[in-house]
Amino acid sequence: GLGWMVTILMYGMWAIRLLTAEVPAPPMRPSMYVAVGPTAYTVTAILALGSSASKGLPDPFLGEPPQSAARTIHIVAIMAGTFLWLFAFWFFALTSVLVALGSKKLAPNYTWWSFIFPNAGLTLATIQMGKAYDSPTINYLCSVMTAALFAGWLFVSVSLLNAARKGQLG
């Protein structure tokens with residue numbers, strides 16, 4: 001509800017800043033992944049609600065049997081979730097390209113946690129998409145994303161611990 005409306009405003013500011021100002025400095029680019037999270041978590045919620053609609057609808061619901069209404073809600077949730085998942089993936093892809101272009105200037109800092117937590121939302125959304133489409137290919141992608149997320153978490157943790165040990169975090 002309100003969180004999604006605030007997110008839409010944030011996306012407008014995010015896009016305007018990318019179009020009118022320079023891309024953030026390489027050390028700050030990982031924080032651009034923050035744009036992935038709200039949309040991805042919304043996909044997870046929409047698909048979960050759509051799949052459980054049959055359990056919570058009264059009989060009749062809007063003049064229809066609950067099974068018919070639940071199936072319609074489930075289909076609309078899958079369509080909306082697919083659109084929003086693609087939207088989240090667009091933010092992920094754009095940020096990944098910009099981070100890769102500035103990767104030589106990256107040094108461990110706290111913005112590196114943005115590699116993990118927003119992308120955990122994208123992984124959870126992809127898991128829900130795999131369930132919604134009952135697709136082995138998407139489920140395989142989910143496994144790859146989960147493994148990459150775990151490896152990324154280990155890498156960020158070790159990098160930040162080493163930087164803190166050397167006094168390089170500010």
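Of the 170 residues in the chain of this predicted model, 37% count as buried, where buried means under 20% relative accessible area, exposed over 50%, and partly exposed in between (1.4 Å probe, protein chains only). The secondary structure comprises 6 helices and 0 strands, and the pattern read along the sequence is α-α-α-α-α-α. Helices (H or I, at least four residues) and strands (E, at least two) are taken as DSSP runs and numbered from the N terminus. Along its principal axes, the C-alpha trace spans about 65 × 35 × 25 Å.

Residues are numbered from 1 along each chain as its sequence is written, and side-chain values use heavy atoms, with hydrogens and water left out. As the model is predicted, local features need pLDDT of at least 70 and side-chain atom pairs count only at pLDDT 80 or more, while totals for chains, interfaces and linings use all residues.

The largest pocket holds about 340 Å³ of space. Its lining consists of 19 residues, and the closest to the pocket centre are F92, F115, N119, A148 and L149. Helix 4 (66–101), helix 5 (117–133) and helix 6 each supply at least two lining residues, with the largest share, 7 residues, coming from helix 6. By class, the lining has 15 nonpolar, 4 polar and no charged residues; here Ala, Val, Leu, Ile, Met, Phe, Trp, Tyr, Cys and Pro count as nonpolar, Asp, Glu, Lys and Arg as charged, and the others, Gly among them, as polar. For the search, a 1 Å grid was laid over the protein atoms alone, and a pocket is an open set of points where a 1.4 Å probe fits, with protein on both sides within 12 Å along at least five of seven lines; lining residues have an atom within 4 Å of a point. Grid points are joined across faces, edges and corners, and the volume is the space filled by probe spheres set on them.

Helix 6 (residues 136–165) also gives the largest share, 3 residues, of a nonpolar patch. This surface patch is formed by F117, F150, W153 and L154, which together have about 420 Å² of accessible area. Patch members have over 30% relative accessible area and no salt bridge, and nonpolar side chains (Val, Leu, Ile, Met, Phe, Trp, Tyr) are joined within 5 Å. A salt bridge is a side-chain nitrogen of Lys or Arg within 4 Å of a carboxyl oxygen of Asp or Glu, and areas come from the Shrake-Rupley method with a 1.4 Å probe, only the protein chains shown counting as cover for residues. F150, found in helix 6, counts as exposed because its relative accessibility is 52%.

The loops on either side of helix 5 each contain a residue of interest. D134 lies in the loop between helix 5 and helix 6 and is exposed because its relative accessible area is 65%. Phi of D134 is near 50°, a positive value in a residue other than glycine. S103 lies in the loop between helix 4 and helix 5 and, at 39% relative accessibility, counts as partly exposed. From C-alpha to C-alpha, S103 is 9.9 Å from P30, although 73 residues separate the two in sequence.

F91, in helix 4, is buried because its relative accessible area is 2%. The C-alpha atoms of F91 and M32 are separated by 8.3 Å, with the residues 59 apart along the chain. W4 sits in helix 1 (residues 2–20) and is partly exposed, with 24% relative accessibility. W4 and F83 are 79 residues apart in sequence, and their C-alpha atoms are 15 Å apart in space.

Technical notes
Patches are made of residues with over 30% relative accessible area and no salt bridge: like charges are joined within 9 Å, nonpolar side chains (Val, Leu, Ile, Met, Phe, Trp, Tyr) within 5 Å.
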